[in-house]
Amino acid sequence: MGANISGAVVDGDEGCPPLRPRLDDIPESCAALVLARLDPPVICKLARLNRSFQSASSADFIWESKLPSNYRFIMEKVLGDTILLNLHKKELYAWLCTPNPFDAGKKEIWLDKKTGGVCLSISSKALTITGIDDRRYWSHISTEESRYPTVAYLQQIWWIEVDGELEFQFPIGTYCLFFRLQLGKSSKRRGRRVCNTEHIHGWAIKPARFKLTTSDGQHAVSQCYLDNPGKWALYHVGDFVVENPNALTKIKLSLTQIDCTHSKGGLCVDAALIYHSSVAKEVRSCS
């Protein structure tokens, strides 16, 4: 009876053992149901097994389940591109996993390839930095070590205050906010990376203060001494939770060191970054 139903086991010639079922015998619809339960990188690997898995791996219902619940908001409201919504969902997922700039290139959004978690970055040019227009204190310097062509570099100042905000429709989940900072100014010399540390001072006296608030009343405050000259680091500001995926959440963030008893300098500000908590642990371990 099993042979009549599935065709997976067929009697061989008299005296020969029955043929064993093969992966090629799995119906495409069954393969698709299996793939729908797996992470995107695994789906792509299994697509190489045979034609059945390869064809099943492109099913729209699989990839729509991997896209964030707000993917239409991202395309229509953030990126302003509705044409790409006509793509197959697998192609749309792949496209969203690449960095997509918005706000005149001062911010970026992308999906984590493994989890589909939403990631955002806010460049130094999208942040409000006290004294940024005074070249005695701050300047924008070119770099190859950022998502963006420049970072903000502090030579010396008595009062540092960096503020930013973002309004976004987040999918349900917990999100982690970081500042990406470095003490010292990096450059290339004869093809090798070097870091100028001559302006670094004032960071060991008092800690920097980080703050996060949301429009629904959440807040977080942390303090940390800035250290490790010459190395980019992610400084954790705090976490926030999104329970309503249809509401806009306004995020306000800041970095301050306002003790005017001493000056401080030699700091590079690259960006503020927001990661879904499923991505944040891996990102921190690599920073």
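## Asn-100 and its surroundings

The backbone oxygen of Thr-98 lies 2.6 Å from a polar atom of the Asn-100 side chain, where a polar contact is a pair of N or O atoms within 3.5 Å, one of them, within protein, able to donate a hydrogen and the other to accept it, and residues adjacent in sequence count only if both atoms are side-chain atoms. This is a predicted model, in which local features need pLDDT of at least 70 and side-chain atom pairs count only at pLDDT 80 or more, whereas totals for chains, interfaces and linings use all residues. Residues are numbered from 1 along each chain as its sequence is written, and side-chain values use heavy atoms, with hydrogens and water left out.

Asn-100 belongs to strand 1 (residues 100-102); helices (H or I, at least four residues) and strands (E, at least two) are DSSP runs, numbered from the N terminus. Asn-100 counts as buried because its relative accessibility is 5%, buried being under 20% relative accessible area, exposed over 50% and partly exposed in between, with a 1.4 Å probe and protein chains only. Leaving aside residues up to four places away in sequence, Asn-100 touches Leu-79, Trp-95, Lys-107, Glu-108 and Ile-109, contact meaning heavy atoms within 4.5 Å.

Strand 11 (residues 208-214) has a covered face made of Ala-208, Phe-210, Leu-212 and Thr-214, while Arg-209, Lys-211 and Thr-213 are on the uncovered one.

Strand 11 pairs in the antiparallel sense with strand 12 (residues 219-224) over six bridges, two strands being paired if DSSP finds at least two bridges between them. Ala-208 has Cys-224 of strand 12 as its bridge partner, and the two strands form a hairpin with four residues between them, where Gly-217 in the turn has a positive phi of about 95°. Strand 11 also pairs with strand 14 (residues 249-257), again in the antiparallel sense and over six bridges, and here Arg-209 stands opposite Thr-256.

## The two sides of helix 2

In helix 2 (residues 28-35), the buried residues are Ala-31, Ala-32 and Leu-35. They lie on the same side of the helix because they cover an arc of only 100° around its axis, the arc being that of the directions from the helix axis to the C-beta atoms. Ser-29 and Leu-33, on the other side of helix 2, are exposed. Among the elements that cover the buried residues are helix 3 (40-46), helix 4 (51-56) and helix 5 (60-64).

## Aromatic pairs

There are ten aromatic pairs, counted where rings of Phe, Tyr and Trp (its six-membered ring) have centres within 6.5 Å, with planes under 30 degrees apart taken as stacked, over 60 as edge-to-face and the rest as tilted. Phe-73 and Phe-168 form an edge-to-face pair, at 5.5 Å centre to centre and with 80° between the planes. Because Phe-73 lies in helix 6 (residues 71-78) and Phe-168 in strand 7 (residues 160-168), this pair ties together parts that are 95 residues apart in sequence.

Phe-73 is buried at 15% relative accessibility, and Phe-168 is buried with a relative accessible area of 1%. Ring pairs link Phe-73, Phe-168, Phe-170, Tyr-175 and Phe-240 into a cluster.

## Cysteines

The structure holds zero disulfides, a disulfide being a pair of cysteine sulfur atoms within 2.5 Å. The sulfur of Cys-195 is 7.4 Å from the closest cysteine sulfur, that of Cys-268, which is too far for a bond. Cys-195 is partly exposed, with a relative accessible area of 25%, whereas Cys-176 counts as buried at 8% relative accessibility.
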